[in-house]
Amino acid sequence: MSNFAWVTLATNDSYSLGALVVAHSLKRVHTAHQLAVLITPGVSEAMKNKLRTIFNVVEEVNLLDSKDEANLALLKRPELGITFTKLHCWRLTQFEKCVFLDADTLVLRNCDELFEREELSAAPDVGWPDCFNSGVYVYRPSLDTFSSLMQYAVTHGSFDGGDQGLLNSYFSDWAHKDISKHLPFIYNTSSVASYSYLPAFKQFGQNTKILHFIGTAKPWLQNFNSESRKVYIPGGYQHLANFLQYWWDIFCEDVHSRLSADMSDLNNSRNNNEKRNSSAPSVRYCEIPPPPKPTSQLTNQVPSYPT
């Protein structure tokens, strides 16, 4: 079994569904490596069991444990709670090397070549290209690095209040030291970038390997019609139509169809919050998911940019 792993994070059941889509998108492109997910106590027991059927490793991070180093740090910097949670990926020392993926990413093509890169490899952030975007990055698990990051966070904090600011400050030489650690933008193509520089997206978007749904265009915030098998694309996001549709194809075929009855609260969450822009996927529109497609059809099922 591979000693490398793809790692993601889920802080509640809704984001666990996003994590499951990430995992299945990796399986569809036949990754050779293991899948790991960090979870918090906000994930239900039923969802934990579901995650264990897909991920090789499900690691719970409990910041309320008085013996946890992160909890001691939080006493000084409580505003960095979610940031500390993500840093726990460095504690997965059973793996030699990992690639972290945010739960709002979608893998479109096999990217196993990323494991040939060294720590810390990442793609430029569209808002400030001298910073990397922390939605996708290559790293080496290490308790020493974890401890050092924790201490840095407590001492310096984060200039943006989140993990991206902290990691960019800690790995401060990323912008200029080693160009081999600059991942091409196709490994973390921002949905915001595709809108702000549409001509480039039309020219190069078909080469995207990992799409990152940054901002309000989260797939699970969109409505899906089970009769037409189509996702409703909000105004201003037509450039993402194929990608949003692919996310929902995976969700309906590989995730929702396998949810157990004791996850019924997820089915009701959108009904109760639809008008309030719920963060839970609209599974109500997916009561009759389409049958899974043959593997041969899934391998190259990559959205093309709509002309």
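## Strand β4 and its partners

In strand β4, V7 has F100 as its bridge partner, and W6 is likewise bridged to V99. Strands and helices here are DSSP runs numbered from the N terminus, with at least two residues for strands (E) and at least four for helices (H or I). The model is predicted: local features need pLDDT of at least 70, side-chain atom pairs count only at pLDDT 80 or more, and totals for chains, interfaces and linings use all residues. Residues are numbered from 1 along each chain as its sequence is written, and side-chain values use heavy atoms, with hydrogens and water left out.

Strand β1 (residues 4–10) runs parallel to β4, joined to it by 4 bridges. Strands β4 and β7 run antiparallel, also with 4 bridges, and L101 stands opposite V136 in β7. Of the 5 residues of β4, 5 are buried (under 20% relative accessible area, with a 1.4 Å probe and protein chains only). Both faces are covered, with K97, V99 and L101 on one side and C98 and F100 on the other.

The open sheet has 6 strands in the order β3-β2-β1-β4-β7-β6, with mixed pairing; two strands pair if DSSP finds at least two bridges between them. Strands β3 (57–60) and β6 (121–124) stand at the edges with a single partner strand each, so one side of each has no neighbour in the sheet. From one strand to the next, the twist averages 25°.

Helix α1 (residues 13–28) lies across β1, β2 (34–39) and β4, running at about 155° to β1. Contact means heavy atoms within 4.5 Å. Axes are lines fitted to C-alpha atoms, for helices over the stretch in contact, and angles run from 0 to 180 degrees between N-to-C directions.

## Aromatic pairs

The whole structure holds 17 aromatic pairs, defined as rings of Phe, Tyr and Trp (its six-membered ring) with centres within 6.5 Å; planes under 30 degrees apart count as stacked, over 60 as edge-to-face and the rest as tilted. The ring centres of W90 and Y137 are 5.7 Å apart and their planes lie at 15°, so this pair is stacked. W90 lies in the loop between α4 (81–87) and β4 (97–101), whereas Y137 belongs to strand β7 (residues 132–139), so the pair ties together parts 47 residues apart in sequence. W90 and Y137 are buried.

Definitions and conventions. Buried means under 20% relative accessible area, exposed over 50%, partly exposed in between (1.4 Å probe, protein chains only).
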